[in-house]
Amino acid sequence: MPARSAAQQKAAGAALSAKRGDTPKSDLKGASRQMVESMSETQLEDFARTTRKGKPEHVAED
């Protein structure tokens, strides 16, 4: 499932970095902190791999 916004893609990248141990979890804020706990590494890779070209910065929740 691709990220719907650039912000979501960036948060997934930060969460993936923490999940892999490259970044301390204490450095995470907001959505990335929730993502690292609730998503698998594979799901985070899918979100983080999404290109940002043509994506809005933020998308309102449905």
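Residues are numbered from 1 along each chain as its sequence is written, and side-chain values use heavy atoms, with hydrogens and water left out. Because the model is predicted, local features need pLDDT of at least 70 and side-chain atom pairs count only at pLDDT 80 or more, whereas totals for chains, interfaces and linings use all residues.

Ser-17 belongs to helix α1 (residues 6–19), helices being DSSP runs of H or I with at least four residues, numbered from the N terminus. Ser-17 is buried, with a relative accessible area of 18% (buried means under 20%, exposed over 50%, with a 1.4 Å probe and protein chains only).

Ser-32, in helix α2 (residues 30–38), is likewise buried, at a relative accessible area of 7%, and its side chain reaches the backbone oxygen of Lys-29 at 2.8 Å. Leaving aside residues up to four places away in sequence, Ser-32 touches Ala-11, Ala-14 and Ala-15, contact meaning heavy atoms within 4.5 Å.

The buried residues of α2 are Ser-32, Met-35 and Val-36. These residues lie on the same side of α2, because they cover an arc of only 100° around the axis, as given by the directions from the helix axis to the C-beta atoms. They pack against α1 and α3 (41–49), while the face turned away from the buried side carries the exposed residues Gly-30, Gln-34, Glu-37 and Ser-38.

Note on methods:
Helices (H or I, at least four residues) and strands (E, at least two) are DSSP runs, numbered from the N terminus. A polar contact is a pair of N or O atoms within 3.5 Å; within protein, one must be able to donate a hydrogen and the other to accept it, and residues adjacent in sequence count only if both atoms are side-chain atoms.
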